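Keep the 3D view open as you read.

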Amino acid sequence: MAVTVVRTGTGRGARAAGGSGGGWRGAVAAEWTKLWSVRSTWWGLGSAVALMVVMAFTLASSTVSNNTNALPDDDMGVVSASGVAVGALDMVQFVVLALAILVITGEYATGSIRATLQWVPPRGRMLGAKAVVVAAVAFPLGVALNVAGTVVADPVLGRWGRLRAGEFAADALQSGVYLALVSVLVLAVGAMLRGTAASLTTAFLFLLVAPMLLGGGDESGVARRMSDSMPSSAGRFFMSGDGPYPQAVGLAILVAWTAAVLCGGVVVLRRRDA
């Protein structure tokens, strides 16, 4: 009797044949489709734009009030309209960051992360594909948010505002770069913590509260230097150009933070089951 032996691949060949999710292109395409197939993405984008309009109007009105009241110490002088939009991004970013976190924590909450990992078994590729999609959405969104904030702030500022094409373009592009990098950073935080509430709370404390607390002390102390080296501070200096180091250094610090946290996310994913 002839016996037919059928081998079932369990190594690299089998994974490459049927379990790799079509390589990087397939993984990115799948993540792109998933992102735009849920309503929360559209609601989040709309909320970010709406909040930018409100914040830009508020900051511009505050600038006018400070320049026209009877207190000379409040005077801010003529300010950049696009710079007002950059300042408003401090709060608006958290709407976008919540979306970035949900890209991975939402899958853990619903259990769909198991299907994702069956389609793309390599943890690094899975998280990398999510990072590519998040950055691809966050960059143009950051540019659009700066444009929207500038359009709102400029007429409110009136004679207390300035709008220069080169400055406007630079602020818009830098806002896009910042938002893309910090969105990838919090995505990796979500990969580590897996919970939406815990990840968003950590992001809020790390990006906003901790730099404020550390920077509120001695201007030349260790705490201040620690604050200046944190990702949100580095990003702020990169966008505004007003910091203890050049803009390029701020960008380099932000990139280093993002890369380090992303690598940490990959390590955690590889060591823990879904």
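Let's start with D228, which touches S233, A234, F237, P244 and Y245, leaving aside residues up to four places away in sequence. Keep in mind that this is a predicted model. D228 sits in helix α9, which covers residues 222-228. Is D228 buried or exposed? Its relative accessibility is 11%, and buried means under 20%, so D228 counts as buried.

Which of its residues are buried? They are G23, G26, A27, E31 and L35. These residues cover an arc of only 170° around the axis, which means that they sit on the same side of α2. Look at the other side of α2 and you'll find R25 and T33 exposed. As for what covers the buried residues, the list includes α3 (39-68), α4 (81-110), α5 (113-119) and α6 (123-157).

Two of those buried residues of α2, E31 and L35, turn up again in the lining of the second largest pocket. That pocket holds about 220 Å³ of space. Its lining also includes K34, V38, S40 and T41, along with L99, L102, V103, G106, E107 and K130. Which helix gives the most to this lining? That would be α4, with five residues, while α2, α3 and α4 each supply at least two. Sorted by class, the lining has five nonpolar, three polar and four charged residues.

That leaves the largest pocket, with about 430 Å³ of space. Of its 18 lining residues, G83, V84, V86, G87 and S240 are the closest to the centre. The elements that give two or more residues to the lining are α3, β1 (79-80), α4, α7 (165-193) and α10 (231-240). Here too α4 has the largest share, again five residues. By class, this lining splits into seven nonpolar, eight polar and three charged residues.

Conventions: Residues are numbered from 1 along each chain as its sequence is written. This is a predicted model: local features need pLDDT of at least 70, side-chain atom pairs count only at pLDDT 80 or more; totals for chains, interfaces and linings use all residues. Side-chain values use heavy atoms; hydrogens and water are left out. Buried means under 20% relative accessible area, exposed over 50%, partly exposed in between (1.4 Å probe, protein chains only). Helices (H or I, at least four residues) and strands (E, at least two) are DSSP runs, numbered from the N terminus. The arc is that of the directions from the helix axis to the C-beta atoms. Contact means heavy atoms within 4.5 Å. On a 1 Å grid over the protein atoms alone, a cavity is a set of points where a 1.4 Å probe fits but cannot get out, and a pocket is an open set with protein on both sides within 12 Å along at least five of seven lines; lining residues have an atom within 4 Å of a point. Grid points are joined across faces, edges and corners, and a volume is the space filled by probe spheres set on the points. Ala, Val, Leu, Ile, Met, Phe, Trp, Tyr, Cys and Pro count as nonpolar, Asp, Glu, Lys and Arg as charged, and the others, Gly among them, as polar.
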